[in-house]
Amino acid sequence: MLSKIKNLKFWQKSIPISLRLTLTYALIFSLAIIIISATTFYTSRYLGFQRIKKDIKNINQEVADYIRSGRDLDRSIFKNLNIRRPMDLKVYNQDGELLFKNSPHAPIIDMKRNLGEISILEINEQKWNHDKKKRFFKRTVYLNNKLSYQGEIFYIQVSFPLAGRDDIFNILMLVLIATNILGIIVSIIVGNYISKKILRPIGQITDTAKKITINHLDDRIDSEGPEDELRELATTFNNMIDRLQESIEKQKAFVSDASHELRTPISVIQGYIDLLDRWGKSDQEVLNESIEAIKSETMNMKKLLEQLLFLARSDREKDSFERVDFELDALIAEVYRETELIDKEHKITLNNNDKLKVNGDEQLIKQLLRIIIDNSLKYTESGGKISIDSKLLNHFVEITIEDTGIGIAKEDLNNIFDRFYRADKSRNRETGGTGLGLSIAKWIVDSYLGKIEVKSELNCGTKVIIKLPTC
């Protein structure tokens with residue numbers, strides 16, 4: 001058993017797939033043509049033999065009818081009977097004397113000595129010695145019939161030598177064997193050529209894959225040709241490289257943006273440390289200012305790192321959070337109360353809050369609501385309004401958070417969920433934004449197979465609509 005497995009592995013490793021396919025289909029083709037040829041040969045031989053037997057019976061019956069008609073047994077029988085060559089006809093009397101024959105060939109059975117062995121109305125096949133010196137035998141099919149007419153007994157023998165027919169079928173067998181061998185050889189040669197041509201895109205994929213590196217992603221496979229599985233494979237491979245290139249470009253941009261975002265607080269901290277080193281040791285005002293600035297930048301950097309770690313973990317573990325049933329309306333009410341407690345500069349309202357349950361991670365949903373509400377607080381002037389609304393629509397809960405803030409330009413709406421993206425009017429450090437909040441929000445919504453939509457115009461406020469599936 002182990003040796004068979006090793007031989008199979010050697011076969012798979014040592015022989016190219018194109019040749020393996022060729023040999024496999026050549027074997028199947030050879031078996032098919034052998035079966036077809038054998039079926040054709042033996043069916044033709046059998047049907048031909050049945051036709052001969054039928055003709056023999058018909059001639060035998062015609063001869064019997066001819067004798068019953070009382071006519072003479074002479075050459076005139078050919079005018080009344082359809083006796084075709086090489087069929088032989090012999091008629092004997094009850095003493096075994098030959099009354100008529102249409103061929104000089106010797107009888108198959110010596111009727112004078114073997115009258116008791118005559119097979120009445122049965123087809124028999126017999127080999128008989130045509131030439132005793134050369135011991136050359138030929139097969140013959142014959143039918144013996146005993147007929148009584150007006151007190152006389154006649155023995156009718158109709159025979160058909162198979163020599164010519166056997167020669168034809170022997171030649172046919174040789175032709176079929178030669179044709180099968182030639183067909184197998186041609187199928188191997190042509191099949192190997194066609195399989196190599198058909199599998200050429202796989203070789204191109206291999207060559208292209210060898211060239212691709214993280215710094216060289218521009219090569220693509222030629223996907224022109226017929227609409228088949230290999231073209232689909234080439235197109236799929238090209239699409240995979242496109243996605244890979246896009247992901248790497250995004251990763252490079254992400255690393256670049258993260259480095260830029262971290263560089264700013266580090267530079268500020270470094271500047272204040274230098275200030276402290278020069279004058280802050282003896283100047284209490286400089287010392288206090290530096291400490292506050294360092295604390296502020298440290299908190300910003302900590303928040304940025306936490307968001308970066310969250311996104312990094314979320315990219316690796318799509319469904320790492322725990323799902324439980326919880327009351328969403330209670331969570332929304334809790335976030336609303338906490339927001340009212342920490343923010344006194346805006347008018348915050350909770351208009352509608354349908355009672356319902358969802359299945360998911362309660363802390364992630366709370367983080368999602370916090371991100372959207374915090375954005376509304378940052379970009380809405382003091383005295384502005386922020387409204388929260390939730391309602392059940394079919395099997396989804398729709399949460400709407402709307403503000404009267406500065407809004408978002410139309411050209412920025414398609415990019416607000418990109419990491420580190422911030423619209424021009426919000427690119428300031430006073431808001432404390434990192435450009436990662438909406439990316440995190442989008443990831444949370446996508447993880448729940450939900451949808452998030454943002455409608456906004458400059459100076460007309462922003463509306464965020466979140467749809468999440470219910471239990």
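A salt bridge, the term needed for the first stop, is a side-chain nitrogen of Lys or Arg within 4 Å of a carboxyl oxygen of Asp or Glu. The structure is a predicted model, in which local features need pLDDT of at least 70 and side-chain atom pairs count only at pLDDT 80 or more, while totals for chains, interfaces and linings use all residues. Residues are numbered from 1 along each chain as its sequence is written, and side-chain values use heavy atoms, with hydrogens and water left out.

**First stop: a pair in helix 10**

Select Lys442 and Asp446, which form a salt bridge whose closest N and O atoms are 2.9 Å apart. The two residues are 4 apart in helix 10 (residues 437-447), so about one helical turn separates them. Helices here are DSSP runs of H or I with at least four residues, and strands are runs of E with at least two, both numbered from the N terminus. Lys442 has a relative accessible area of 27% and counts as partly exposed, and Asp446, at 38%, is partly exposed as well. In these terms, buried means under 20% relative accessible area, exposed means over 50%, and partly exposed lies in between (1.4 Å probe, protein chains only).

**Second stop: the whole protein**

Now zoom out and show the protein as a cartoon, where the secondary structure comes to 10 helices and 12 strands. Of its 471 residues, 37% count as buried. The protein exposes about 29700 Å², of which carbon and sulfur atoms supply 55%; such areas come from the Shrake-Rupley method with a 1.4 Å probe, and for residues only the protein chains shown count as cover.

Select Leu328, Ile372, Ile399, Ile444 and Ile466, the residues with the most contacts inside the largest nonpolar core, which has 48 residues. A nonpolar core is a set of buried Ala, Val, Leu, Ile, Met, Phe, Trp, Tyr and Cys residues joined through side-chain atoms within 4.5 Å. Helix 9 (residues 362-378) gives this core its largest share, 8 residues. Center the view on Ile372 and, leaving aside residues up to four places away in sequence, look for the residues that Ile372 touches, namely Ile401, Leu438, Ala441, Ile452, Val464 and Ile466; a contact means heavy atoms within 4.5 Å. A second, separate core of 20 residues can be found by selecting some of its members, including Ala64, Leu89, Phe100 and Tyr149.

Select strand 10 (residues 396-403) and strand 12 (residues 462-469), which run antiparallel and are joined by 8 bridges; two strands pair if DSSP finds at least two bridges between them. Glu398 stands opposite Lys467 in strand 12, and the side chains of these two residues meet in a salt bridge (4.0 Å, N to O). Because Glu398 lies in strand 10 and Lys467 in strand 12, the pair ties together parts that are 69 residues apart in sequence. Is Glu398 buried or exposed? Glu398 is buried, with a relative accessible area of 13%, whereas Lys467, at 33%, counts as partly exposed.

In the hairpin of strands 11 and 12, with 5 residues between the strands, Asn459 takes a positive phi near 65 degrees.

Asn352 stands opposite Asp389 in strand 9, and in strand 10 the bridge partner of Asp389 is Thr400. Strands 9 and 10 run antiparallel and are joined by 8 bridges, and in their hairpin, which has 2 residues between the strands, Asn394 takes a positive phi near 55 degrees.

**Last stop: a nonpolar surface patch**

Which helix supplies the largest share of the nonpolar patch? Select helix 4 (residues 163-198), which contributes 11 residues to a patch of about 1100 Å² whose members include Tyr42, Met173, Ile189 and Ile198. Patches are made of residues with over 30% relative accessible area and no salt bridge, with like charges joined within 9 Å and nonpolar side chains (Val, Leu, Ile, Met, Phe, Trp, Tyr) within 5 Å. Ile189 lies in helix 4 and is exposed, with a relative accessible area of 57%. For background, in soluble globular proteins nonpolar side chains tend to be buried together.
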